Amino acid sequence: MTLVQPLTTPAPEAGHAPAAAILRNASVRFGTFTAIQDLSLEIEAGAFYTILGPSGCGKSTMLRLVSDLIPAASGEVEIFGKSTEEARLAREFAFVFQDATLLPWRSALQNVELPLEIGRKRGIEIKTSDRSPRELLELVGLKGREDALPHELSGGMRQRVAIARALVCQPRLLLMDEPFGALDEMTRDHLNLQLLQIWEETGTTILFVTHSIPEAVFLGQKVLMLQAHPGRLREVVEIDLPFPRAIKQRETPEFMRYAAYLRELLETC
Amino acid sequence: MAVIDDIPAQSAQDTERAEATRRKINAVAVPLGTAAALLACWQIGVRVFGVPNYIAPAPSDVAVTLVQEFPLLMQNFWPTLYESLLGFAVGNLAAVLIAVAFVHNRVVERAFFPIAVFVNTIPILAIAPILVLIFGAGLTAKVVIAALICFFPTLVNMVRGLQSVSPQALELARILSASKAEVFWKIRLPSSLPYLFSALKIAATTCVIGAIVGEWVGADRGLGALIIDATFNFRSALLYATVFLSSGLSVLMFATVSIVERLVVRW
């Protein structure tokens with residue numbers, strides 16, 4: 001069974017688990033510049049996707065399109081069968097930026113609680129995680145730092161707060177735009193492992209943009225390779241490495257083979 | 001072994017602490033010492049060259065006047081404090097509200113910002129008589145002048161502060177489907193606070209200038225009125241004492257704002 005397929009076939013038949021996201025010939029244009037051209041793909045619910053591609057291939061644009069930050073110039077995007085706007089209002093997805101984007105005057109805990117406060121006064125029903133904000137901070141390994149202000153935390157800790165904040169509304173789709181790009185190697189490894197653990201525990205779908213080939217192979221079940229000028233899908237590479245993954249796996253020949261293959265692919269993009 | 005190791009560590013720590021204390025004392029002692037030396041030069045200069053008291057009083061004369069005329073000084077201190085505080089409140093509140101309007105409506109900004117700049121370019125000394133003519137010699141004119149002098153720096157800073165929100169924070173708000181009001185209260189307003197306090201610190205001292213200028217133009221009470229009175233009566237020591245008190249008022253206002261800032265802006 002292919003988990004991801006260019007949509008030459010119609011929508012999946014009934015009884016099939018609904019896709020987390022479906023893009024049908026979606027294009028994004030900024031003025032005369034075409035950032036994404038006719039992108040069609042289906043994101044299977046519960047899977048971990050990493051997105052690779054040369055700069056300018058529309059990796060971030062794709063996440064922005066899915067998260068309703070920018071509109072599609074043509075084509076359709078569906079999130080769990082809803083329009084991107086409906087999905088946004090229902091908090092189906094959460095976004096983790098490269099920069100943690102914490103509010104500096106709020107403590108770690110208050111930052112995690114922010115999504116719960118937004119819309120509450122307007123009587124909007126907010127989906128909440130089974131875990132309290134406090135438990136989520138514990139899940140990302142920040143127990144005891146609940147009251148710390150962002151400037152008192154390291155870059156890695158801030159990003160973990162951002163992940164906890166993203167999880168607080170129990171999103172079914174987690175969009176991550178190079179979340180660990182600015183961190184040092186050690187912190188990055190650690191957070192990669194933690195993210196995999198969170199993914200397994202929460203069962204959420206993850207779309208993870210990265211610049212790093214090893215990171216893409218290490219995290220993903222599928223690597224979406226995008227191509228630039230204009231941005232479009234080049235290839236979907238299935239990473240058939242066993243879970244749970246361990247850092248040591250990166251030294252195995254299989255891992256190296258995937259990395260080498262992706263590197264070659266990237267060079268021709 | 002451990003005990004022996006402990007000793008140098010302990011003494012190193014002690015030296016460090018002593019060093020820190022010395023640095024702290026220096027930080028206070030150097031400026032204080034300089035000020036005291038300058039005062040001493042002034043005192044000696046006035047006495048040695050026999051400068052008449054009405055031209056330049058010695059610091060000791062000023063100090064004596066400050067004590068002797070304390071009731072008179074305080075009688076004039078309170079009105080100025082009152083005018084300054086009211087002007088500070090009115091001017092900054094107006095600036096903050098207008099800044100909010102500017103940020104939410106570009107048309108309002110385009111319409112009124114040039115006018116705000118124009119008003120700011122008029123010297124306060126030139127506009128004060130106009131305001132006294134309009135509002136009379138009472139409290140209102142002084143408050144308006146003090147408010148006017150506070151207004152512009154706060155307006156400019158507050159607009160910058162409200163716009164200082166990172167684009168990513170706004171994207172976060174969008175993903176959370178935040179309303180305009182929520183973006184304002186939860187993100188824009190707190191983001192602007194450091195900018196607002198920079199402006200308030202400027203306003204804390206300028207509002208006193210505004211109140212005093214207002215009193216110069218027409219008043220029978222207040223530090224400004226006392227300055228005029230003392231000058232025309234050649235009571236130089238009283239003049240200096242009044243000036244000293246005026247600057248004391250500014251320092252008091254500034255210190256208050258700084259303390260509030262430290263309590264509010266903890267990040």
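Tutor: The following account begins with the model itself and then turns to the core and a neighbouring topic, a helix.

This is a predicted model, in which local features need pLDDT of at least 70, side-chain atom pairs count only at pLDDT 80 or more, and totals for chains, interfaces and linings use all residues. Residues are numbered from 1 along each chain as its sequence is written, while chains are lettered from A and ligands numbered from 1 in the order in which they are written.

A nonpolar core is a set of buried Ala, Val, Leu, Ile, Met, Phe, Trp, Tyr and Cys residues joined through C-beta atoms within 7 Å. A residue is buried if 20 or more other C-beta atoms lie within 10 Å of its own, exposed if 12 or fewer, and partly exposed in between, with C-beta atoms placed from the backbone. The largest core has 84 residues, and those touching the most other members are Ala21(A), Ile51(A), Val161(A), Ala164(A), Leu175(A) and Leu207(A). Helix α5 (residues 155–167) of chain A supplies the largest share of this core, seven residues; helices (H or I) are DSSP runs of at least four residues, numbered from the N terminus.

Leaving aside residues up to four places away in sequence, Leu175(A) touches Leu63(A), Val66(A), Ser67(A), Phe93(A), Phe95(A) and Leu207(A). Such contact requires C-beta atoms, placed from the backbone, within 7 Å.

Leu63(A) and Val66(A) are among the buried residues of α1(A). Seven of the eight residues of helix α1 (residues 59–66) of chain A are buried, so this helix is largely enclosed by the rest of the structure. Asp68(A), which follows α1(A), has a positive phi, near 65 degrees.

Terms used. Helix = DSSP H or I, 4+ residues; strand = E, 2+ residues; numbered from the N terminus. Contact = placed C-beta atoms within 7 Å.
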